[in-house]
Amino acid sequence: MATTTGRLRAKGHMLYRYSAVSLCQVARFSESTDKGWFRSLFVHKVDARQDAHSNLLSKKETSSLYKIQFHNVKPECQEAYNSLEAEVQKRLHHDKDFPCEVVGSWNTWYGEQDQAVHLWRYRGGYPALTECLNKLKVNKDYLEFRKERAKMLNSRRNQLLLEFSFWNEPLPRPGPNIYEMRTYYLKPGTMIEWGNHWARAIRYRQENNEAVGGFFSQMGDLYVVHHLWAYENLQSREETRNSAWLKEGWDANVYYTVPLIRSMESRLMIPTSSSPLQ
């Protein structure tokens, strides 16, 4: 009996050692290959990029560059600021010597308060932007405007943007409309994947002509996406957004793009009286 018990203990000890060695070998194999089944559950493989995402995602038929400005206005200066900005925008917009045009101007309704948002287009890309900046540096009227405007602002920032190839080009439209700018701060390296999903998903958001424009940042805060939408009113916004969920495929777009986002925000905006987008 004692001999039998000893043999069983010896076999158990050998089996334990064999199991431990096997587990260690499996662990080392999984670590060395880095392709274990557990890791594959969480890694979404994306094809290697062959070019800069600015070349892969932007429109090839145009060379337009966009600039978006965020101006935080002193509350007591809001009316004076809007009047001054409208006057200068009108001059630049209609002066053919300046290769730039105002796409839209808004005051934030919901979101960051006392904020003005301006979107400019430079047809001709970076050379057009450089030409415009050089001319403004020696324009006395514009320099005076900047001094006066500075008295009305708490802070300001801007970004240079390119337009997604699959989005509508923002064109003047009659009003009245409210506008929503949904801004997505993406994880670095995910812009191509975002573009791939939205190139299919944008067709679900065209029924009510709500899609105005889609842009991604080139300078300023990077890996930032802005989607601009227009709605007749808040009720129309709710109905339009809810109707997208009734279309097969929209839920998949949300499912695959949400993990790409670090953070996001929404601005509801009212166009100024001088804005081409009303």
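In this predicted model, Tyr81, Leu84, Glu85, Val88, Arg91 and Leu92 of helix H4 are in contact with Asp141, Tyr142, Phe145, Glu148 and Arg149 of helix H6. Sorted by class, the residues of this contact between H4 and H6 comprise six nonpolar and five charged ones, with no polar residue among them.

**Packing of H4 and H6**
- Two packed helices are described by the angle between their axes and the distance between the axes.
- For H4, which spans residues 78–94, and H6, which spans residues 140–150, the angle is about 160° and the axes lie 11 Å apart.
- Because angles over 145 degrees count as roughly antiparallel, H4 is roughly antiparallel to H6.
- The crossing in which H4 passes H6 is left-handed.

**The cavity**
- The structure contains one cavity of 30 Å³ or more, and the volume of the largest cavity is about 110 Å³.
- The lining of the largest cavity consists of 14 residues, of which Lys67, Gln69, Leu92, Trp120 and Tyr142 are the closest to its centre.
- By class, the lining of the largest cavity is made up of nine nonpolar, two polar and three charged residues.
- Leu92 and Tyr142, which are among the residues closest to the centre of the cavity, also take part in the contact between H4 and H6.

**Packing of H7 and H9**
- H7 passes H9 in a left-handed crossing, and the contact brings Trp194, His197, Trp198 and Ala201 of H7 together with Trp250, Asn253, Tyr256 and Thr257 of H9.
- The residues of this contact between H7 and H9 fall into five nonpolar and three polar, with no charged residue.

**Backbone features in loops**
- Most residues other than glycine have a negative phi, and most peptide bonds are trans.
- Glycine 175 and proline 176 are joined by a cis peptide bond with an omega of about 5°, and proline 176 lies in the loop between strand E4 (153–163) and strand E5 (178–186).
- Asparagine 209, a residue other than glycine, has a positive phi near 60°, and its place is in the loop between helix H7 (191–201) and strand E6 (211–219).

Key. Residues are numbered from 1 along each chain as its sequence is written. This is a predicted model: local features need pLDDT of at least 70, side-chain atom pairs count only at pLDDT 80 or more; totals for chains, interfaces and linings use all residues. Side-chain values use heavy atoms; hydrogens and water are left out. Axes are lines fitted to C-alpha atoms, for helices over the stretch in contact, and angles run from 0 to 180 degrees between N-to-C directions. Helices (H or I, at least four residues) and strands (E, at least two) are DSSP runs, numbered from the N terminus. Angles under 35 degrees count as roughly parallel, over 145 as roughly antiparallel, 65 to 115 as roughly perpendicular and the rest as oblique. A crossing is left-handed if the near helix is turned anticlockwise from the far one by less than a right angle, and right-handed if clockwise. Contact means heavy atoms within 4.5 Å. Ala, Val, Leu, Ile, Met, Phe, Trp, Tyr, Cys and Pro count as nonpolar, Asp, Glu, Lys and Arg as charged, and the others, Gly among them, as polar. On a 1 Å grid over the protein atoms alone, a cavity is a set of points where a 1.4 Å probe fits but cannot get out, and a pocket is an open set with protein on both sides within 12 Å along at least five of seven lines; lining residues have an atom within 4 Å of a point. Grid points are joined across faces, edges and corners, and a volume is the space filled by probe spheres set on the points.
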